[in-house]
Amino acid sequence: MLPRADAVATLASESFDVLVIGGGITGAGVALDAATRGYSVALVERADFAGGTSSRSSKLVHGGLRYLQNFDLGLVREALVERQINVNLAPHLVRPLRFVVPAFDGQRLDRVMGVGLNAYDVMGLRRRRTRAELDWSPARHRVISGADVRELLPALADRSPTSGYLFYDCQTDDARLVLTVLTEAERFGAVAANRLEAIGLLEERGRAAGALVRDAESGAELEVRAANVVNATGVWADRLRPAELHDEAEVPVIRPARGTHLLLERDTLPVDAGAIVPAGEGRAIFVLPWLGQTLIGTTDTDHDGPAEHVRPSEEEIAYLLDAVNAYFATSLTASDLVGAYAGVRPLISTGDPRKSVDISRKAELYETSSGMVTITGGKLTTWRRMAKDTVDRIAWRDGSEVPCRTHEVPLGLPLGAGELPDAPSREHLAARYGHLAHDVLALGHAEPIVPGRPDLLAEVAYAARREQARTLGDVLLRRTRLGLTAARALLAPGAGVLERVADVLGTELGWDARRREREVEAFRFEAEQEGILPAP
Ligand SMILES: Cc1cc2nc3c(=O)[nH]c(=O)nc-3n(C[C@H](O)[C@H](O)[C@H](O)COP(=O)(O)OP(=O)(O)OC[C@H]3O[C@@H](n4cnc5c(N)ncnc54)[C@H](O)[C@@H]3O)c2cc1C
């Protein structure tokens with residue numbers, strides 16, 4: 001990506017066809033779609049790219065088997081099509097993941113689940129015939145033996161599973177997906193900068209003509225001029241420009257719903273496939289292998305209060321651990337966790353008092369009187385489709401006939417780990433960066449950030465130079481995911497990990513010794529606010 005200072009200078013001096021407000025997956029997708037159709041595109045993000053919900057998901061690129069229960073067939077079908085497109089466009093970053101639903105003690109497999117999986121298979125059948133020989137297409141679900149279940153879910157060994165269903169979905173690193181989509185958008189000429197908050201719309205003859213933006217680093221205000229403005233601020237979408245929105249009764253209201261996830265060392269709860277774990281009252285949670293650790297989630301509760309720095313609550317942690325302990329016959333406690341995070345879903349409230357789990361995950365696109373187009377709701381999985389609908393709307397207003405191309409625009413270039421020098425981190429680097437892993441390695445710093453984890457100090461330098469990382473939080477929570485997978489090791493007193501990261505980042509960003517100390521303290525404060533290391 002462009003260095004931030006250059007991006008800010010360009011945003012202030014040029015005028016654009018499209019300004020996107022919000023640098024989560026939705027905004028990144030809109031920027032990519034518009035740029036690939038030939039529009040000049042600006043994107044401003046108030047905090048950090050993917051700093052909102054898009055770094056806090058369950059990391060699944062999936063149809064959502066459970067939405068079948070609600071007969072939300074259109075949503076599931078659309079998401080399954082998007083799943084296939086995502087895995088084909090970014091095979092290094094969006095990867096098939098096996099899921100297992102076991103039966104125990106010789107019991108029969110759940111028939112209703114079997115019917116659901118049949119429907120899921122049919123709906124997920126490959127529809128796009130282009131590039132067919134290259135395309136991933138999931139195998140149909142099948143029944144596997146108890147021994148196969150134990151091999152895929154070693155954590156279940158003590159419960160003696162006797163058979164199981166095996167089916168496929170996909171998984172990603174959500175924040176890396178955002179950065180990859182943004183990088184691609186820039187390749188097509190989009191200009192994006194973080195730490196720029198839209199604080200008001202610019203208007204010309206009653207039409208939105210850009211935004212007044214505050215630079216959180218310098219405190220300066222600047223105008224970003226654009227013929228079209230897209231509000232892609234997720235859970236904050238109904239806060240942008242309240243005066244206009246409050247006048248318009250038809251505008252949907254966001255109903256935030258919080259979800260918490262926990263991480264454990266793989267050896268503490270070893271799984272090599274996803275497990276769907278009952279969690280009481282007909283609900284279920286996932287236990288997933290992710291970045292070499294085990295990810296547990298999610299809860300789903302109404303959220304009151306600010307949506308920034310959402311913390312996992314003690315009740316949510318207890319709820320997830322209780323479900324896991326009951327299912328795997330373990331006795332895990334909060335002291336076993338290596339990290340945790342919470343996020344807030346941008347669900348659209350229809351005024352229906354039902355609980356958020358029952359509200360559909362559909363996206364909403366609406367245009368208010370100034371012409372600003374708002375796109376919110378939806379899922380990580382359906383980002384491309386949401387972006388297409390948004391830019392279709394702008395193109396329709398313009399009378400432009402350039403069609404959407406994002407289904408055929410690769411997201412980075414995949415790379416086999418064997419093409420990198422032989423080193424323990426090469427699988428990890430190839431999966432995270434694809435071909436750009438060569439550029440990461442070229443920066444030197446081949447030592448791990450946290451001993452035993454594959455993330456390298458070179459990634460810190462790369463994040464600063466090529467991905468607009470400005471703080472330790474940017475590097476540890478989103479460019480790498482060590483703040484989630486290894487929070488305990490990062491924050492251990494005297495470990496010196498944060499200081500090492502601050503040294504590499506500080507060298508890139510020109511920080512003196514005092515600034516480095518302040519930034520380490522700022523990260524400790526952020527980690528506390530985010531609750532990434534729950535109290536034992
Ligand atoms: C717990 C949980 C689990 C989930 N799991 C999955 C899953 O497994 N699979 C799936 O497909 N989906 C999942 N989702 C849904 C998915 O994560 C979201 O739908 C998606 O990330 C929303 O992206 P977004 O870009 O719309 O919002 P965000 O990622 O929140 O982006 C909005 C951005 O706008 C910025 N912003 C706000 N106001 C301003 C302003 N005034 N100026 C500039 N910028 C501003 C914010 O800082 C933020 O970065 C999950 C969600 C949650 C909460």
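**Domain arrangement, ligand shell and local geometry**

The C-alpha centres of domain 2 and domain 4 are separated by 37 Å. The structure is a predicted model, in which local features require pLDDT of at least 70 and side-chain atom pairs count only at pLDDT 80 or more, whereas totals for chains, interfaces and linings use all residues. Residues are numbered from 1 along each chain as its sequence is written. Four domains are assigned: domain 1 (4-54 + 175-252 + 356-408), domain 2 (84-90 + 97-171), domain 3 (255-348) and domain 4 (443-530); these bounds derive from an automatic or database domain assignment.

The ligand is surrounded by 39 residues, with G22, G24, G52, G234 and G259 the closest; a residue is near a molecule if its C-beta atom, placed from the backbone, lies within 6 Å of it. Two or more residues of this shell are given by each of α2 (25-36), β8 (196-204) and β16 (337-349), helices (H or I, at least four residues) and strands (E, at least two) being DSSP runs numbered from the N terminus. The most is given by β16, with 4 residues. By class, the shell comprises 13 nonpolar, 19 polar and 7 charged residues, where Ala, Val, Leu, Ile, Met, Phe, Trp, Tyr, Cys and Pro count as nonpolar, Asp, Glu, Lys and Arg as charged, and the others, Gly among them, as polar. Because domain 1 and domain 3 both give residues to the shell, the ligand lies between these two domains.

Helix α12 (residues 457-466) packs against helix α13 (residues 472-479) at an angle of about 110 degrees, their axes being 10 Å apart. Axes are lines fitted to C-alpha atoms, for helices over the stretch in contact, and angles run from 0 to 180 degrees between N-to-C directions. The angle makes α12 roughly perpendicular to α13, a term that covers 65 to 115 degrees. The contact involves E459, V460 and A463 of α12 together with D474, V475 and R479 of α13, two residues being in contact if their C-beta atoms, placed from the backbone, lie within 7 Å. This contact of α12 with α13 has 3 nonpolar, no polar and 3 charged residues.

Two local backbone features were also identified. G297 and T298 are joined by a cis peptide bond with omega of about 20 degrees, and T298 is located in the loop between β14 (293-297) and β15 (301-302). D105, although not a glycine, has a positive phi of about 50 degrees; D105 lies in the loop connecting β4 (95-104) and α4 (111-123).

Definitions and conventions:
Angles under 35 degrees count as roughly parallel, over 145 as roughly antiparallel, 65 to 115 as roughly perpendicular and the rest as oblique.
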